[in-house]
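Student: I have a protein structure open and would like to learn how to read it. Could you guide me through a few features?

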Amino acid sequence: MTAGSTPSPHPGTSAATNQPSSTTTKAPKPAAPATKPVAYPAILQGFLGSLFMFAGSIGIGWIANGSPMIRHPIVIALRTEGWGVTISAVLLTVGAMVLVRSWLRLGQRMGSWEGNSLKPIVAAIGAWSLPLLFAVPVYSRDVYAYIGQGRLMMEGQDPYDVGISALNNWFALGADPAWAEARTPYGPYFLWMAHAVVAITGAQPDVSVLLFRLLAAGGVLLCVVYVPKLAELHGINGARALWIAVANPLFLISFVASAHNDAIMVGFAVAGTYFAATKRPLLGILLVTLSIGIKPATVLLLPFIGLMWAGAGASWPRKFGIWAATASISFAVLVISGIPYGLGLGWAWAITDPTPGFTGYSPSGFLGQQIEFLGNALGLPGNAMADVLRAAMKWGAVALVLVLMFRGDHSRVVRRMALAFAAIVLLSPIIQPWYILWFVPFLAVTGIRDDWQMRCLYVGVTFFVVFGAQDQLSVWSFVEVSVDLSSLAFAIALLFAFYLVFLDIHTRRLLVQGKLSRWVGQTDRRLLHRPPTIR
């Protein structure tokens, strides 16, 4: 029926008189109620993928040389025989890709995201995390460096001055040799945690890894609690935001299986942002300061926390005054926190003295490589040109942060903070796979549309899951294998990605057409046009 047309008479009435006609008709059947989303197939599939990763990690994950696990007969067979490491690599890679598919299918199965859609997402996060909680560390072995830093603290040495090579028998810890001379980039609160873990476990590697995982799981739990709440403040469906930010496989692999302390950093940051956005600025500042004390990257959030404190319509003198108060409170707490163990302000070097070099898959690193190649081909100083480009992109990110601090609606201050965080990460010369997880939760709670924005997220998550599956494989040099395991894992992951995009009748609609379902576009439009309630 078009707008302005005359309503047609009800069935069983005369068009001329609107009286009952002689012909009786059956009353129309009531519309069927909306079907409840069936999430458990995707949840079970993801649980199976996590179990595959758990099994594969035994033969291909990072086990410390000093671990008694390494002497178990099953572990010996899987790690010293060619068939064992090959099967383990296949299981790990297939499991990771099954987890990717499960995440995509879970989003599709949620339909309109209305009703009690939060419970299935939380169930999925719990089910998919459980096998990873007990897996051998995969995708990264930074957790073993955490044990070394805890040992330095126990022995009265300053991790801000010396690397873990100062420890006796440090190599048996399982840490990457890159940490041998490196100063820790972590804040004092995480060093307190590392000290406590080592004090409890006596640096026993397997139990220490489990305790660090439990700490990281605490950060994940904070995100599970506060991501939906922060999303609702912005008129965004909390379950969908949680699915995007926390249920995604890169988040669970990096923050549970790899036990990165970034999970704690992000958890405190999300919680602090929520309290600041609900007119509890002091609590918000303290929680963000806890985040900085884990890893100083979140110092970037403080100016935006200050804007929330200043309130809508604040004058510039008030904004500058609140910024000064926010920085002073946070800095004072961190200074006091440096007194125990004599840590001082050693954490500040992580901000003032960034790691040199670049990663080839970062936009800065990739473009720099192309500029260097082109410059050298033309007889120009390609290396110097690449350095200039990388520096320009890095300082361009700083300029974007300043613009976002000073310009924009108050109701979108969390969105501005998310974009500033994303700019700093994405325009940096060095991007580790888990770095994108720093800002994804803040983008998710302020709205990621089901178009090119979600496609970028799919590409990013899948790329880093594929990259990690072949990048960090622990294989002893004396083990004879018929194929290069990194190449095998990469080929399997690429074939699975090809299947998801072109062959799978469910995910190809999502990845090619870019729609989770026929409802989500309407849901997003309705939610994204609802004004935020941040005051």
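Tutor: Let's take confidence, then a helix, then a pocket. Keep in mind that this is a predicted model.

Student: What is the average pLDDT of the chain?

Tutor: Where pLDDT is low, the predicted coordinates should not be read in detail. Here the chain averages 87, and 88% of the residues score at least 70. Residues 1–28, however, stay under 50, with 15 contacts beyond four places in sequence.

Student: How many residues does helix 1 have, and which of them are buried?

Tutor: An α-helix has 3.6 residues a turn, so residues three or four places apart point the same way. Helix 1 covers residues 40–60, which makes 21 residues. From first C-alpha to last it reaches 30 Å, close to the 30 Å expected. Its buried residues include Ala42, Gly46, Gly49, Met53, Gly56 and Ile60. Among the elements covering the buried residues are helix 3 (82–109) and helix 20 (485–503).

Student: And what lines the second largest pocket?

Tutor: Rolling a probe the size of a water molecule over the atoms shows where empty space is left. The second largest pocket has a volume of about 510 Å³. Its lining has 22 residues, with Leu426, Phe439, Leu443, Cys456 and Leu457 nearest the centre. Helices 17, 18 and 19 each give two or more residues to this lining, and helix 19 gives the most, with eight.

Student: How many of the lining residues are nonpolar, polar or charged?

Tutor: For that pocket, 17 are nonpolar, four are polar and one is charged.

Technical notes. Residues are numbered from 1 along each chain as its sequence is written. This is a predicted model: local features need pLDDT of at least 70, side-chain atom pairs count only at pLDDT 80 or more; totals for chains, interfaces and linings use all residues. Side-chain values use heavy atoms; hydrogens and water are left out. On a 1 Å grid over the protein atoms alone, a cavity is a set of points where a 1.4 Å probe fits but cannot get out, and a pocket is an open set with protein on both sides within 12 Å along at least five of seven lines; lining residues have an atom within 4 Å of a point. Grid points are joined across faces, edges and corners, and a volume is the space filled by probe spheres set on the points. Helices (H or I, at least four residues) and strands (E, at least two) are DSSP runs, numbered from the N terminus. Ala, Val, Leu, Ile, Met, Phe, Trp, Tyr, Cys and Pro count as nonpolar, Asp, Glu, Lys and Arg as charged, and the others, Gly among them, as polar. The expected span of a helix is 1.5 Å times one less than its number of residues. Buried means under 20% relative accessible area, exposed over 50%, partly exposed in between (1.4 Å probe, protein chains only). Contact means heavy atoms within 4.5 Å. pLDDT is the predictor's confidence in each residue, from 0 to 100.
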